[in-house]
Amino acid sequence: MSNPVDFVELWRGGMLESVHQGHAVVVDEGGEIVHSWGDPHAIVYPRSSAKMLQALPLVESGVADRFGLTSQHLALASASHSAAAIHTDRIQKWMGDLGFGDDAFRCGPNWPMDEAARNAMIKTDATPCRYHNECSGKHCGFLTMTKANGWGPEYENVDHPLQVLIKSTFEEVTGEDSPAWGIDGCSAPNFATSLLGMGRAMAKYACAGSDTRGAAMVRLREAMIAHPELVANDDRACTQLMRAAKGKGAFKTGAEGYFVAILPEQRLGVALKIVDGAQRARDCAIASILCKLGVLDARDPVVKAYRNPDLKNFAGLITGDMRPSSALA
């Protein structure tokens, strides 16, 4: 197995101060590696980067159509949102349409990542609910499946019919048996696979055809591209980089330094993992890889803010910069 490679560097006063390492892979429609850094066979948890895989049974089973789900619903089912009003209003309506209350969610409550929403709650001494959880859109999709099939309410259990179906779908799309699972931050199982497996899955989404599964993949990726603000938020990497790509791809973060990209025009899939889990390095690395692939323009100010930002101290003085390593630059 290959060692991780240097991906992201932090420079101060003309001296290299810190380095983040990682693994990454770019995969074509045949499942073959086009580019790789580090170990493409490293087994890791994709975390929230797997949400469009977890949402796939919802669409290909026909349940999404039975319940009249729109592209906005599908974007939220694939999202790690910030609990801004544009997210929580839609989540609450979805739950109301299902006839469920907040207690039906198996994700825990947490404060909104959206600053305005969080500050408004603090000012009124409000308490966060489960629908504020960044994964509540995915869980709405889960609850839609449980209602459609008459399954029990403990849908977060790994032996629940929903999770059994998600695991089998996940393994089929990645092309690998998952060797392990762990409990994600939202209490649902997260199935491990290799970087190559996730890259292969993203390439399948990029090259999906008109069969039942392919059509479902297209609907999910196009929902993300059409509604980037629902996938994350206006100030988050998923949303800003998808907008900067001008429709050329669907991008999704995952916790602990994971990021994936679906590139339909180039018929490629991308998966990366930062070994130390750093968000800043994850965002810099994916922006750099997408620049190398011609999907993003390194001169775009939005892209530069993730790929090569100035580092400033509390007085606003520029103290250094973050940049991709030579391997990515």
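The model is predicted, so local features need pLDDT of at least 70 and side-chain atom pairs count only at pLDDT 80 or more, whereas totals for chains, interfaces and linings use all residues. Residues are numbered from 1 along each chain as its sequence is written, and side-chain values use heavy atoms, with hydrogens and water left out.

**The core**

Select Leu53, Phe105, Tyr205, Phe251, Leu263, Ile289 and Leu296. These residues have the most contacts inside the largest nonpolar core, which has 100 residues. Such a core is a set of buried Ala, Val, Leu, Ile, Met, Phe, Trp, Tyr and Cys residues joined through side-chain atoms within 4.5 Å. Buried means under 20% relative accessible area, exposed over 50%, and partly exposed in between (1.4 Å probe, protein chains only). In soluble globular proteins, nonpolar side chains tend to be buried together.

Next, centre on Leu53. Leaving aside residues up to four places away in sequence, Leu53 touches Thr169, Phe170, Val173, Thr174, Met198, Ala201, Met202 and Tyr205; contact means heavy atoms within 4.5 Å.

Helices (H or I, at least four residues) and strands (E, at least two) are DSSP runs, numbered from the N terminus.

At the contact, Lys204, Tyr205 and Ala206 of H9 meet Met217, Leu220 and Arg221 of H10.

Select Pro40, in the loop between strand S3 (33-37) and strand S4 (43-44). Pro40 is buried, at 8% relative accessibility. Not counting residues up to four places away in sequence, Pro40 touches Val25, Ile33, Ser194, Leu195 and Leu196. Thr174 is 134 residues from Pro40 in sequence and 13 Å away in space, C-alpha to C-alpha.

Move to Ser187, between strand S5 (181-183) and strand S6 (189-191). Phi of Ser187 is near 85°, a positive value in a residue other than glycine. Most residues other than glycine have a negative phi. Ser187 is partly exposed, at 29% relative accessible area.

Finish at Lys246, in the loop between helix H12 (237-245) and strand S8 (250-254). Lys246 also has a positive phi, near 55°, and is exposed at 67% relative accessibility.
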